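Let's walk through the sheets and the domain contact of this protein together. Please keep the model open beside the text as you read.

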Amino acid sequence: MTTTQSRIEPLTEVDQFVNGEHFLLIDGKKAEANSGKRLDVFDPATGRILTHVPDGDAVDVDRAVQAARRAFEGPWRRLTASERGRIIWRLADLIEQNLEEFAQLDAIDNGKPLTIARMVDVPLTVDVFRYMAGYTTKLEGSTYNLNLPGDWHSFSRKEPIGVIGAIIPWNFPLFMVSVKLAPALAAGNTVVLKPAEQTPLSALRFGELLEEAGFPPGVVNIVTGSGEIAGAALVAHPDVDKITFTGSTSVGKQIARAVATDLKKVSLEMGGKSANLVFADADLDVAIQGAAQAIFFNHGQACVAGARLFVESSVFDEVVSGISAIATGMTLGPALDPSSEMGPLVSKEQQQRVLGYLEAGSHDGARVAGAGAAPDNGGYYVAPTVLVDVRNEMSVQREEIFGPVLTAVPFTDVDDAIAQANDTSYGLAAGCFTTNLSTAHKVSNALQAGNIYVNCWGVTDPSAPFGGYKQSGWGREFGREVLEYYTETKAVHMKL
Ligand code: NAI
Ligand code: MG
């Protein structure tokens, strides 16, 4: 660990925005929270309070839902598909024009290195809006040849669902906005967005671009607040037609139970404990780099993090020591320090949760094969850590840690590797490193996960469907497939 003085100075606009007053966005206007209460937003690099945002409650959510309903029935509906597409595209342009500002906001708020926010979070956000903008004009139904006597004309229409409640987490604050909003808007829905309480800033800044992009008021509303109050109110609201959620499996299950009362539609993208299999025939340099990136990217705070490593016995020691060396050599520091390869975790709570898992692992008999050094300065740092001597019943092996902690376990052959990899309640991602084409295919077919990576990790692209098997989710994001989750299909039968 090194600390340098070469911190990047934030843009003046960013300083002013962070330190300015923050408001909800309801019906195109800035609004105070009904309660007058505010939530503290912390700087993860220091633990100090950065700013405050409104603590929205059920009254605010209700106002936002009403505005979204009016926009859905009115101006948003009346636009042509191509006008809607142009507005979404213009929004992408505006985000791109403000790339540095958004990257700095997410780096400051979340703690991720600025270089990552610049290279990954913001460009991907722009791509997702652009990709989805093209679909406004491509929603189409089919015609059907009924097996009935007489003349018939039967066809289907794709219609928007209505008002979408979008609840997002803190690990990719701005990108998550695009993941939920781009398909919802492209399909003609309107939205109430509830950002994560830890990282509301880029979503609020995003809200300021909507009018300039051309969105009629109320098409996108933003209510900051806690999950327990604002999030739960959105889920319970009778005039919300669908909830789209990314976050923990436990809250996802709560949402699934809550929507059972009125059966609103729901998409859930939740946790993972993804298995990465390294075969002895792999290019080990590629595999070691890849396995380290799979777990340490975004400090392990990624739903697809390759958290469980399985290595063919003959190369186990070599691979583990290679990854341990990477962990040991990593520079941890504040997001705005260009030498930081890893920043702090997002919150004190997340830091304590991850440290708790490390303690439990050590108590259960797991051993640290290699660990970096975490600055001890009030920031929410956790050292990147590789654990061995792990058994499958340990909590470090069964539960999502969501931090820079890798477990490594040996396997004997392909079947053993697949069996160990699939022995989990999650199914978001999995993958392997191998140079054997047959192994690559066999493993890809056998792994029970929605996203498979071969000789790579974490590939995320708006063109390819993304989502989970098992307890990792319901539904898919991205690609053509996501539109199925933001539209209703209506079959129309006409007797001629
Ligand atoms: P969380 O699931 O509590 O929070 C995610 C979002 O849901 C936030 O906007 C939050 O305000 C909202 N929320 C919380 N409780 C709610 C409720 N009862 N009703 C409606 N909305 C609610 O996740 P949290 O507490 O931030 O992190 C806990 C763990 O969740 C992490 O350690 C990680 O394992 C997992 N997680 C997974 C993510 C993923 O990308 N799949 C992202 C964030 C967390
Ligand atoms: Mg929570």
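Two strands count as paired if DSSP finds at least two bridges between them. Helices (H or I, at least four residues) and strands (E, at least two) are DSSP runs, numbered from the N terminus. What you see is a predicted model, in which local features need pLDDT of at least 70 and side-chain atom pairs count only at pLDDT 80 or more, while totals for chains, interfaces and linings use all residues. Residues are numbered from 1 along each chain as its sequence is written, chains are lettered from A and ligands numbered from 1 in the order in which they are written, and side-chain values use heavy atoms, with hydrogens and water left out.

Let's begin with the sheet of three strands. This open sheet has the order β5-β6-β22, with antiparallel pairing. Since β5 (143-144) and β22 (487-495) stand at the edges with a single partner strand each, one side of each is left without a neighbour in the sheet. Strand β6 (residues 152-160) is joined to β22 by nine bridges, and W152 has K495 of β22 as its bridge partner.

Next comes the sheet of seven strands. It is open too, with mixed pairing in the order β14-β15-β16-β13-β12-β18-β19. Its edges are β14 (367-371) and β19 (451-454); each has a single partner strand, so one side of each lacks a neighbour in the sheet. From one strand to the next, the twist averages 20°. Strand β18 (residues 429-433) runs parallel to β19, and four bridges join the two; here A430 stands opposite I452.

Helix α17 (residues 437-446) lies across β12 (275-278), β18 and β19, and runs at about 165° to β19. Such angles run from 0 to 180 degrees between N-to-C directions, with axes fitted as lines to C-alpha atoms, for helices over the stretch in contact; contact means heavy atoms within 4.5 Å.

Now for the domains. The domain assignment gives domain 1 (12-270 + 473-495) and domain 2 (275-461); such bounds come from an automatic or database assignment.

| Domain 1 with domain 2 | Value |
|---|---|
| Distance between centres, over C-alpha atoms | 31 Å |
| Buried area | about 2100 Å², 65% of it on carbon and sulfur atoms |

Buried area is the accessible area (1.4 Å probe) that two parts lose on being put together, summed over both.
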